[in-house]
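Trainee: I would like to go through this model by question and answer. Please end each reply on the value or name I ask for.

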Amino acid sequence: MELAPTLTGHTVQNRVRAAGINPHHWYPVAWSSQLRRGKVLPVQVWGQAIALFRDDQGQVHALEDACPHKGVALHKGEVQGQNLTCPYHGWQFAPDGRCVAIPYFPPEQKLPCVQARRYPVQDQYGMVWVFPGDGEQAPTVPLPSVPEYDDPQWLRVAIPGQFNAHFSICNENTMDVFHGFLHRNLQGWFNPKLLQLRQSDTLVEADYQVSYQGWLSQFLGMGRRGDRITTRTISIQYRYPHYANSLEGVSKMYLMRLPVSPTETRSFTLLFLKIRLPQTLTKMIRPLLSRVIWRFLFKPFLDQDVEMVESEQQTYHNNPQRHYIEVNPAIIALQRVMLNQAHGAGFHPALPYPSLDATPSVAIPSR
Ligand code: FES
Ligand SMILES: [Fe+2]
């Protein structure tokens with residue numbers, strides 16, 4: 001559905017701040033490099049504690065982080081071959097969660113029929129992904145596609161993000177290009193215009209026009225001279241529950257969202273830049289260049305966003321009844337998708353909510 005890109009005021013739907021997740025999707029829970037062979041890592045998806053482990057063959061597995069014997073956290077245990085052993089009484093669990101050994105049982109004794117919950121898991125694009133919903137649906141749900149991942153024309157920068165805030169606040173920050181003001185001292189963008197907006201039950205696509213000026217835009221190849229203004233289109237696509245965006249001819253970004261709990265969210269971002277350097281040179285210095293770009297160019301932006309997002313969360317927490325005004329229809333559309341997905345998954349009652357066409361309470365002319 002095409003929506004008019006007119007900036008008008010709408011009351012923010014506070015219940016999106018209390019929305020649950022649709023668990024029938026793949027969520028990234030760790031960078032692959034964090035989980036070496038024989039290691040166990042505790043992770044969490046929307047309150048579900050999961051013990052991730054990589055067996056001695058390099059395969060990744062995910063089990064509920066609670067031993068079926070007495071509930072001790074399995075991530076405190078150790079990997080033995082393909083199995084995960086609980087630290088308390090040494091019960092051993094196979095990758096499918098079945099208990100396959102109890103060290104103090106005589107060999108002829110039958111094992112109790114217990115099984116830790118197993119989660120479908122994938123190791124792709126340098127991330128470990130878990131499917132926290134109905135495991136039967138997992139094979140039918142694709143991971144986001146990242147075609148640039150192994151393409152040597154692009155420089156890949158991996159960016160971790162951590163926010164003490166509900167995922168809806170973080171998602172709105174990613175969809176919102178009208179906060180260039182916050183980043184003005186970092187030579188961010190300015191003069192944004194919403195050009196086009198499309199929405200379906202699972203998708204919001206917004207095209208914005210934005211202007212850049214300064215050494216950062218010059219470094220990114222947007223103009224020969226940093227003092228000139230360059231205007232580009234940035235397309236942001238939110239396909240529940242993750243993002244992809246593309247800045248015309250300059251960069252592609254995939255931001256994968258992990259809702260850890262109602263007040264904690266993480267992001268796993270892959271940024272791809274077309275840096276114009278000789279191929280052989282970039283190959284040699286690629287990892288170093290990625291880290292420098294992340295640390296000195298993009299982390300300062302993220303730090304500013306984290307402060308805003310966490311401040312928003314804190315104020316919501318102090319008074320969840322208070323109403324706010326949103327003027328960007330892309331964000332209203334985003335809220336609809338998040339609510340639809342939460343309701344569709346049956347985690348919250350399907351509350352009625354105002355239509356996007358509702359009479360605006362404040363009207364702000366688009367420029
Ligand atoms: S609690 Fe895990 S083996 Fe006893
Ligand atoms: Fe930002």
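## Salt bridges and other local features

Mentor: The model is a predicted one. To begin with, a network of salt bridges links Arg17, Glu172 and Glu312.

Trainee: Is Arg17 buried or exposed?

Mentor: Buried means under 20% relative accessible area. Arg17 has a relative accessible area of 8%, so Arg17 is buried.

Trainee: Which residue forms a salt bridge with Arg54, and how many residues apart in sequence are the parts tied together?

Mentor: The closest N and O atoms are 2.9 Å apart in the salt bridge of Arg54 with Asp123. Arg54 is in strand S5 (residues 48-54) and Asp123 is in strand S11, so the parts tied together are 69 residues apart in sequence. Arg54 is buried at 10% relative accessible area, whereas Asp123 is partly exposed at 38%. The partner asked for is Asp123, and the separation is 69 residues.

Trainee: By about how many helical turns are Lys299 and Asp303 separated?

Mentor: Lys299 and Asp303 form a salt bridge, with the closest N and O atoms 3.1 Å apart. Lys299 is partly exposed at 25% relative accessibility, and Asp303 is partly exposed at 39%. The two are four residues apart in helix H3, so the separation is about one helical turn.

Trainee: How many salt bridges does the structure hold?

Mentor: Side chains of opposite charge can pair when their charged atoms come close. The pairs discussed include Arg54 with Asp123 and Lys299 with Asp303. For the structure, the number of salt bridges is eight.

Trainee: How many disulfides does the structure hold?

Mentor: A disulfide is a covalent bond between the sulfur atoms of two cysteines. The cut-off for the pair of sulfur atoms is 2.5 Å. For Cys113, the closest cysteine sulfur is that of Cys99 at 9.6 Å, which is too far for a bond. The number of disulfides in the structure is zero.

Trainee: Are Cys113 and Cys170 buried or exposed?

Mentor: Exposed means over 50% relative accessible area, and buried means under 20%. Cys113 has 81% relative accessibility, so Cys113 is exposed. Cys170 has a relative accessible area of 2%, so Cys170 is buried.

Trainee: Which atom does the side chain of Gln199 reach?

Mentor: Gln199 is in strand S14 (residues 190-199). With 5% relative accessibility, Gln199 counts as buried. At 3.2 Å, its side chain reaches the backbone oxygen of Ala333.

Trainee: What is the phi of Asn191, and what is the phi of Tyr125?

Mentor: Most residues other than glycine have a negative phi. Asn191, in strand S14, has a positive phi although it is not a glycine. Tyr125, in the loop between strand S11 (121-124) and strand S12 (127-130), has a positive phi as well. The values are about 50° for Asn191 and near 55° for Tyr125.

Trainee: What is the omega of the peptide bond that joins Tyr240 and Pro241?

Mentor: Most peptide bonds are trans. Pro241 is in the loop between strand S16 (230-239) and strand S17 (242-247). The bond joining Tyr240 and Pro241 is cis, with an omega of about 5°.

Trainee: What area does the nonpolar surface patch with Phe296 have?

Mentor: Phe296 sits in helix H3 (residues 279-318) and counts as exposed at 57% relative accessibility. Leu288 and Val292 make the patch together with Phe296, and its area is about 300 Å².

Trainee: What share of the residues in the protein chain is buried?

Mentor: The secondary structure comes to four helices and 21 strands. Among contacts with a separation of 6 or more, 62% are between residues 24 or more positions apart. Of the 367 residues in the protein chain, the buried share is 50%.

How values were computed: Residues numbered from 1 in each chain as written. Chains lettered and ligands numbered in written order. Predicted model: local features only at pLDDT ≥ 70, side-chain atom pairs only at ≥ 80, totals over all residues. Heavy atoms only, no water. Patch = residues over 30% accessible without salt bridge, like charges linked within 9 Å, V, L, I, M, F, W, Y side chains within 5 Å. Areas by Shrake-Rupley, 256 points an atom, 1.4 Å probe, with all protein chains shown as cover. Salt bridge = Lys/Arg side-chain N within 4 Å of Asp/Glu carboxyl O. Buried < 20%, exposed > 50% of the residue type's maximum accessible area, 1.4 Å probe, protein only. Polar contact = N/O pair within 3.5 Å; in protein donor to acceptor, adjacent residues only side chain to side chain. Contact = heavy atoms within 4.5 Å.
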